[in-house]
Amino acid sequence: MLTNAHVLGMLRPESRKPTKVEVVVNSGETDERTLAGIVLGVDAGTDLGAILIRGKDLPEPLKVVQKPLSETDVVFIFGFPFGKELGKNVTVSKSSISSLRKDTSGKILERSR
C-alpha cells in the first residue's frame with residue numbers, strides 16, 4: 001500500500017518508523033476491518049511511504065507505473081481530508097496537474113494539483 005510519508009510521521013530525516021501501523025480496509029462500510037501494517041520504507045523527498053499489509057480478501061492492488069507528467073494531466077486524489085469530520089468514507093476527487101516545479105538542472109522537484 002502507498003501512503004504519504006507525513007501520514008506515517010516520517011517526513012523528516014530524523015524521523016523513526018512508527019511502532020504500530022494500522023490499515024483500515026473498506027472504511028465506513030459494514031465489512032470494515034483493521035489490519036496490521038509494516039512500513040517498508042519512505043521517500044521523504046516525494047512524501048511517499050510504502051506499507052506491507054497481509055490478509056484475506058484484500059482488494060486487488062493497483063499497478064504503479066512511473067511516467068512523465070505534464071500540466072493538465074488528469075489525476076485522482078483519494079483520502080480523508082478532514083479526518084473523521086467528514087465521516088469514515090474515503091473521498092475521491094478528480095483534478096489535474098497545474099504545474100511542475102523544477103530545479104536549476106530541470107529535474108522535477110514537486111508535483112502540484
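Strand β5, which spans residues 74–79, is the largest contributor to a nonpolar surface patch, supplying three residues. The patch covers about 610 Å² and is formed by V74, F76, F78, F80, V90 and V92. One of these residues, F76, lies in strand β5. In this predicted model, F76 has a relative accessibility of 52% and is classed as exposed, because the exposed class begins over 50%.

Read from the N terminus, the order of elements is accordingly β-β-β-β-β-β-β-β. The protein has 113 residues, of which 19% are classed as buried. Among contacts between residues at least 6 apart in sequence, 37% link residues at least 24 apart.

The C-alpha atom of G28 is 7.5 Å from that of G87, although the two residues are 59 positions apart along the chain. When residues up to four places away in sequence are left aside, G28 is in contact with K88 and N89. G28 has a relative accessible area of 35% and is therefore partly exposed, since this class lies between the buried limit of 20% and the exposed limit of 50%.

Methods: Residues numbered from 1 in each chain as written. Predicted model: local features only at pLDDT ≥ 70, side-chain atom pairs only at ≥ 80, totals over all residues. Heavy atoms only, no water. Buried < 20%, exposed > 50% of the residue type's maximum accessible area, 1.4 Å probe, protein only. Contact = heavy atoms within 4.5 Å. Patch = residues over 30% accessible without salt bridge, like charges linked within 9 Å, V, L, I, M, F, W, Y side chains within 5 Å. Areas by Shrake-Rupley, 256 points an atom, 1.4 Å probe, with all protein chains shown as cover. Salt bridge = Lys/Arg side-chain N within 4 Å of Asp/Glu carboxyl O. Helix = DSSP H or I, 4+ residues; strand = E, 2+ residues; numbered from the N terminus.
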